Amino acid sequence: MGSVGAKEVPVLLNADGLRIDGRRLDELRPIQIRAGPLPQADGSAFVEWGQNKVMAAVYGPREVHPRHLQQSTKAVIQCRYNMAAFSVDERKRPGLDRRSQEISKVIAEAFESVVFAEEFPRTSIDVYIEVLQANAGTRCAGLVAASVALADAGIPMVDLLPAVAVGKIDNAIALDLKKEEDNFGQADLPMALVPQSGRLVLLQMEGHMTEPELAQALELGVGGCRVIHEKMKAALRERYSTAPLAAGAA
Amino acid sequence: MSEEVTAEILQTHILDLAAEGRRLDGRGPDDYRPVTIDPGFVTTADGSALVNLGQTKVLAGIKLEPGKPFPDTPNAGVLTTNAELIPLSSPTFEPGPPQPGAIEVSRVVDRAIRAAETIDLTKLCVTPGEKTWVCYVDVHVLGHDGNLIDASLLAAVSALSSATVPAKRFEVADADYPLEVLHRPIESTFVRLGDTIVVDPTFDEERAAQGRLTVATDESGRIVAMQKGLVGAFSPDDVKSVVRRAFVHGDRLRAQIRGGRR
Amino acid sequence: MKPGPGTYRVGGKVYASQLGLLSPRPPLLQVVPLSGRYLPKPGDQVVGTVTDVQSTFWLLDIGAPRWAPLHMTGAPWKVDVGETERYLRTGDAVVVRVENLDATGRIGVTMLGEGLGKLEGGTLVRISPARVPRLVGRGGSMIDTITRHTAAQVAIGQNGRVWIGGSPEAIRRVREVLEMIEENGPRSGLTDRVERFLLATTPVAREEGGPAARVVPHDDGPPSADAAPMEDEPAEPGPADE
């Protein structure tokens, strides 16, 4: 850490093929998911992923405000991805900038691709993602948190939506970039997978990749999503434990 | 517009209980909910604290950046407090520009920090008239179950108490150093429920309340800020009694901040 | 097996569409939800709060995705157009029955029928609609245990809004039990734990009376399917049966 202001490009991959935090190319950062931390919401989740901390809450399906957004045949899915002012190194002015609005849009569309929205015409499903501490990959962490929150809210959908970014560092394809790798790497490719169908519902890319590298990146990302999918399910199982209550005192 | 309407019979029940000195969650009129303080929760901030007050959850983060002093105070640093009541935290909050409620929380918290001289603004000044530290206090409400003012100030003061001035990173000095906190103001908020005045109201109690009164105290026995809110009224004797109670809660919560440093 | 509630089919496979417990009812595979808003079914008795008053109807928040209009002809009074506010105002709590649903998601409710009407006195508590079968218990066993030990009157809405009447002490004890049910919903052994809690906390001198309260009898016939012990397999959205 601490090389934030460094002008020179750091060595991202050492001679042993290990990354700056000691990970292999196909290794995820540690991920912890907690379902249901916010009792005021219909569903919620908190995700700590490497040094990212992201909270998500879902309200709905509920009456649409403002009313003109109402759709007569299905629920409208509204997403607000927001970064806390102190979540990044240089303080961010409060409020939604263009980047946040774009991310909100692609995340909302990813969820529209899996939620059975036609079951709730003229309603709104509101997805709120708050990035509290950012270290690359916040849209994926936010998507994972929001997806667990949607399940926690009982929203019917095709499947949970695991997400991860794959990138290119020192000419190698690497899973789950952290901040220095994102800043000094050659490419960043966030994606979200529908495990049931094997299809991608969020896909963005920035940087330079060859066709063979892209193929490799997609395979690595899908594999990473499947690992994250298991962690999402485990978080929901823990919240809704069916284990018998101990016979002891109340 | 807010989605949630509180049922009249729930409000009446809250008032009936208060008449007997009881509350919905089993507390007495002068019982504060359990408080946890987690300082240093956000490592991207120069100081931070996550505060849980019952089911109210508030995260405060401090950012310090070099900037220019205001022309009328060339020897003083700049302190800015901003509270965001984000729609994630309550079904009653809507996306959009800051609502009056958020602005009130920001300003009441800011007044207490400023009036208590929590930090010595002159020490933030690097070169008079030219360069000073700008200290941003950003309060992010994550869960709203009432009494956002107390939780927000508690988070803000805890965050300031854990803050480091990033002097090395901004090449202002050779090493970072802890932000010096001179005073620790604490706000205690009360609401009137009939003839009973209870401390630390929940969301439902605020909905039933006939007036809200916030008193900020510091450790030297000063009253440093007050705010009357919501529809309702307090007599001068009510105010004096609330102030006495606010000192007791203030001293207890201040001890928790000191013990909470990570 | 065929896809039932809480599932969908793609190709030859049935998948869970909701977080819930897999509880097959041959020939249907179904997932009973563990969370989520109240989804109205015709015939359900629900507890609601008036959120808006119009000249010919009231809008009720029943915890469903949409507000439910109660038309003045569905009220047990002779209401003239424009006079709705004389009978029910914003914030009033009512017990109504879901009559019909249309394709647009509109929820029709009525206040005509036994046990339906405006609630006076007592208080309201919310639990997850998914917990309602546990609160009722098999054949009403849980709610009987609660009312027997507390002397409170309880009206359960299928939407998870629960009205409690009785002395402040009785209301407090029922609230605590509701919190236990809310926290431990899908786990077995809950009725025993509730009974032990109530026995351990029985006041020495039981308080009687309390503020005048109107009783609405609870629904005696819980859907036995939902009240079954939760021994089924947990399911998340995704593959249920491969």
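1. Helices (H or I, at least four residues) and strands (E, at least two) are DSSP runs, numbered from the N terminus. On that basis, chain B has five helices and 12 strands. Chain B has a radius of gyration of 19 Å, close to the 18 Å from the globule rule for 262 residues, so chain B is as compact as a globular protein of that length. (That radius is taken over C-alpha atoms, and the rule is 2.2 Å times the number of residues to the power 0.38.)

2. Keep in mind that this is a predicted model: local features need pLDDT of at least 70, side-chain atom pairs count only at pLDDT 80 or more, and totals for chains, interfaces and linings use all residues. Residues are numbered from 1 along each chain as its sequence is written, while chains are lettered from A and ligands numbered from 1 in the order in which they are written.

3. A:N171 isn't a glycine, yet its phi is positive, about 65°. You'll find A:N171 in the loop between β6 (163–169) and β7 (172–175) of chain A. B:E117 also has a positive phi, near 50°, and its place is the loop between α2 (100–115) and β5 (125–127) of chain B.

4. Next, the cis peptide bonds. One joins A:H65 and A:P66, with omega about -10°; A:P66 is in the loop between β3 (52–63) and β4 (76–83) of chain A. Another joins C:P26 and C:P27, with omega about 5°, and C:P27 lies in the loop between β4 (20–22) and β5 (28–29) of chain C.
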